[in-house]
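Here's a quick briefing to read with the model open beside you.

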Amino acid sequence: MRPVRIIAHVIALGIAVPAAAQVEFRPMREAVATAARTAPDARMEQIVRREHGACVIGSAERGDPKAFECNNILTFAFGEARRRGMRPLAEWAVQGITDSVYDPVDAKTPLARLKAAAGIMSSADYPASLPLHAAYVADLLVEPGGGAAALADLVAQTERYEQLGYPATILIYAEGSATLARRIEGTQSVTGWRMHAEALRAAAMLGRDQAVRECASVSGGPGADDATRLHLRVSCAIATEQTGRWREAEQQLRALLPEVQAQSLPHVRADVLVALGRNLIRQELYDAAVPFLTTARDLLAPLVTPEDERLLRPPAIRAARAQGALNIAIGFRDGEPSGVHRALTGIYALEASIAAADTWAMAAEKMQRDIDRGALQWEGGVWRQMLTAYRQAYEEAGRLIGKDTPMVAMLRAKDAQGQEQFLTEGFRHAMARDYIEEDIIRDMKDAIAGMAPLPLADRYRVEGLTVAAAFMARNDRDVPQARSLCRSAMAGAIEHLQSHVEFDTAAQTQLRRRAPLFSECVKIAWMAGKTTSP
């Protein structure tokens, strides 16, 4: 497959942002944020302006006169000002964001500046941009004279963020589009139903309760065509997945296959096939996933033209996602996980971002094994690279689906493990001077609690509990808890293996991948027996 380039506007924004500021935002300090949230209006404004002013001075001293790194403070100020109805402060925050890039923002009205600020933050810090997007949609819906032009804008924004694969932003714009379409065109609006379907898909991908509730009685209304109804039902299968009922979701998707054959639109047919392939990948049934994803890729390939190299049109986006998912399935099936370049995770959407994050974590674990067996010599850069791999996994998945979601909790556990490895040279030496035991234990316990909603057999929970069990056993932190975590992980692994009808190649591959879990748990069981013996 030819190398794929990043969407043009993302590249343009990267150039427009001060180079020194592309590394990391300065967050609003938690103690300051707490003080601002609880302070009266005038005091709150004083606090955020002072915090931002100090950040701007520091940014200039570091060579960034635009103070792009201070934008998270401005988004905090905007959120508080918006909540309290302090319009001048909210507009000041928005103006600060639009002034923080080198390319001048041509925005004649406050609403246009708000839209521009949301776009700037989306490409730099996705979660921080959500209040800006929500405020823009809310203001546009009450804008006097809002009609066909406003609806076209909201639909275009929905489609733009669908291309980028940002489900939370899609949800905001799709809900706004559906509301305005029905206001203008009536309850049977075709556009209204199409945008409603996009909103349901985004809510399902995010695991929102609203998707589960709606799917209990979902049905397309008179304005919904067959493609929209099929889209709704695929979304409901995804909502079922996100509650951990993977096999039930698989059955729902397989039940749609006869309808897929009757569909004349290739992208509608491919949507079902990619969703089913994704479902099977998450169940580690890679052999079963490959045929569906191959068919989806072949359906979409003829829609892509030579001009689509930069992935600017939806057909090219869909084809790239199908190919990316197929690469992932083939890579895992053949024992060579196919990584997705992290710069393209937004284009390939949520499921590929998860796969990319998983690949980063696996790269870190392979490095650890190579060092343990003497194939790679320890050096500071190697350990830093390992910690970076875990951190990239955690940050990249968290960026799209939220850092408090159960799947990301597994990567949080691996991030905590990476911190310990880096600061103790692979668990070999006494704690480094800057190692804080209480902090890393807290991080791991938070990760364990975060994984609790995942089904026992979910592979992310099994992998996360394996890491957590080894961590708790190390240095005798909490051997009884380590043994309990091991029991849960082994039970989940066995339950997952039992989902195979026979002990085929896929089952054997899964069993080999679980070898570290079983060997670790034998060691922990021995430790537990030793500590409890008289």
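Asn475 sits in the loop between helix 23 (459-473) and helix 24 (479-497); helices here are DSSP runs of H or I with at least four residues, strands are E runs of at least two, and both are numbered from the N terminus. Bear in mind that this is a predicted model: local features need pLDDT of at least 70, side-chain atom pairs count only at pLDDT 80 or more, and totals for chains, interfaces and linings use all residues. Residues are numbered from 1 along each chain as its sequence is written, and side-chain values use heavy atoms, with hydrogens and water left out.

**More on the loop**

- Asn475 isn't a glycine, yet it has a positive phi of about 60°.
- Asn475 counts as exposed because its relative accessibility is 55% (exposed is over 50% relative accessible area, buried is under 20%, and partly exposed is in between, using a 1.4 Å probe and protein chains only).
- Asp476 is in the loop between helix 23 and helix 24 too, and it's another non-glycine residue with a positive phi, near 55°.
- With a relative accessible area of 54%, Asp476 is exposed.

**Helix 8 against helix 10**

- The axes of helix 8 (residues 148-164) and helix 10 (residues 190-205) come within 12 Å and cross at roughly 30°; axes are lines fitted to C-alpha atoms over the stretch in contact, with angles from 0 to 180 degrees between N-to-C directions.
- That angle is why helix 8 is called roughly parallel to helix 10 (under 35 degrees is roughly parallel, over 145 roughly antiparallel, 65 to 115 roughly perpendicular, and the rest oblique).
- On the helix 8 side, Val155, Thr158, Glu159 and Glu162 meet Thr191, Arg194, Met195 and Glu198 of helix 10, where contact means heavy atoms within 4.5 Å.
- Sorted by class, this contact of helix 8 with helix 10 has 2 nonpolar, 2 polar and 4 charged residues; Ala, Val, Leu, Ile, Met, Phe, Trp, Tyr, Cys and Pro count as nonpolar, Asp, Glu, Lys and Arg as charged, and the others, Gly among them, as polar.

**A buried glutamate**

- Glu51 belongs to helix 3 (residues 41-61).
- Glu51 is buried, since its relative accessible area is 5%.
- Leaving out residues up to four places away in sequence, Glu51 touches Arg26, Met28, Arg29, Val32 and Ile73.

**The whole chain**

- The chain has 26 helices and 0 strands.
- Of its 534 residues, 52% are buried.
- Take the contacts between residues at least 6 apart in sequence: 66% of them join residues at least 24 apart.
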